[in-house]
Amino acid sequence: MSASLLEQLIDALRVLPGVGQKTAQRMAYHLLERGREGGQRLAEVLALAVERIGHCAQCRDFSETELCPTCANSSRERSQLCVVESPADRLAIENATGFRGVYFVLQGRLSPLDGIGPRELGLEQLEQRLAEGEVQELIIATSATVEGEATAHYLAQLARARKVQPSRLAQGLPLGGELEYVDRGTLSHAFGTRSEFRD
């Protein structure tokens with residue numbers, strides 16, 4: 001016996017990260033009880049987004065055009081290339097810093113156990129960009145997880161092989177944080193990678 005439309009809706013909503021059975025059920029009921037107009041708009045926009053949004057040919061970020069607005073912007077500093085794991089990471093850096101360089105979005109991180117290697121992350125494409133000679137600094141902005149660190153190490157080797165200076169985002173204590181509330185791993189890493197104090 002096939003599932004009812006309501007069951008199919010609940011099951012479809014579970015594809016979203018962090019959405020389990022109960023949350024999906026609440027969402028479905030809300031859409032049907034009070035949000036039918038919003039649900040219709042959501043369905044239309046979602047269908048258009050899935051159909052029209054692809055990846056930028058240069059940086060692999062999400063884009064509706066061949067080149068995303070950042071890569072198409074001729075005023076960006078092309079000698080600095082920041083490598084991030086996801087489009088969300090790129091957006092966070094763009095919104096929080098004054099970075100005027102360009103990006104390369106891996107769409108993941110090295111994880112051999114999950115079948116994610118250099119090919120899945122587009123590292124051949126990145127290597128070609130480095131070989132062109134325009135990039136002078138490769139800013140590695142991967143996460144501080146085991147996979148993120150392995151990816152950072154691989155990227156640094158790739159950069160050095162192409163005579164490009166690799167750099168890594170500083171990691172450690174949060175601004176305004178109290179030492180007693182910082183987890184042991186973060187505190188240990190911050191202590192081990194301390195740098196000279198500058199006024």
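A residue is called buried when its relative accessible area is under 20%, exposed when over 50%, and partly exposed in between, with a 1.4 Å probe and protein chains only. By this definition C82 is buried, because its relative accessible area is 3%. The model is predicted: local features need pLDDT of at least 70, side-chain atom pairs count only at pLDDT 80 or more, and totals for chains, interfaces and linings use all residues. Residues are numbered from 1 along each chain as its sequence is written, and side-chain values use heavy atoms, with hydrogens and water left out.

Helices (H or I, at least four residues) and strands (E, at least two) are DSSP runs, numbered from the N terminus. Two strands are taken to pair if DSSP finds at least two bridges between them. C82 belongs to strand β3, which spans residues 77–84. Strand β3 has partners in both β4 and β5. Five bridges connect β3 with β4, and the two run parallel. Within β4, F104 is the bridge partner of V83. Five bridges also link β3 to β5, again in parallel.

Strand β5 covers residues 137–141. On to β6 (residues 165–168), β5 makes four bridges, and these strands run parallel. E137 stands opposite Q165 of β6 in this pairing. Both β4 and β5 are mostly covered. In β4, five of its five residues are buried. In β5, the count is four of five. In a regular strand, side chains alternate between the two faces of the sheet.

Aromatic rings were examined next. Rings of Phe, Tyr and Trp (its six-membered ring) pair if their centres lie within 6.5 Å; planes under 30 degrees apart count as stacked, over 60 as edge-to-face and the rest as tilted. A pair of aromatic rings is described by the distance of the centres and the angle of the planes. The structure contains one aromatic pair. F99 and Y103 form this pair, in edge-to-face geometry, with 5.3 Å between centres and 70° between planes. Both F99 and Y103 are buried. Y103 also has a charged neighbour: R90 lies over its face, 5.7 Å from the ring centre. A charge sits over a ring if NZ of Lys or CZ of Arg is within 6 Å of the ring centre and within 35 degrees of the ring normal.

Two loop residues have positive phi. Q107 is not a glycine, yet its phi is about 65°. The loop that holds Q107 runs between β4 (101–105) and α6 (123–131). Q107 is partly exposed, because its relative accessible area is 31%. K163, also a residue other than glycine, has a positive phi near 60°. K163 lies in the loop between α7 (146–161) and β6. With a relative accessible area of 77%, K163 is exposed.

The pocket analysis used a 1 Å grid over the protein atoms alone. On such a grid, a pocket is an open set of points where a 1.4 Å probe fits, with protein on both sides within 12 Å along at least five of seven lines, and lining residues have an atom within 4 Å of a point. Grid points are joined across faces, edges and corners, and a volume is the space filled by probe spheres set on the points. The largest pocket holds about 410 Å³ of space. Its lining has 15 residues, and L9, L13, L31, G39 and L42 lie nearest its centre. Helices α1 (5–13), α2 (21–33) and α3 (36–52) each supply at least two residues of this lining. The most come from α3, which gives six. By class, the lining of the largest pocket has eleven nonpolar residues, three polar and one charged. Ala, Val, Leu, Ile, Met, Phe, Trp, Tyr, Cys and Pro count as nonpolar, Asp, Glu, Lys and Arg as charged, and the others, Gly among them, as polar.

Helix α1 also contains E7. E7 is partly exposed, with a relative accessible area of 47%. The C-alpha atoms of E7 and Q25 are separated by 8.7 Å, and the two residues are 18 apart along the chain.
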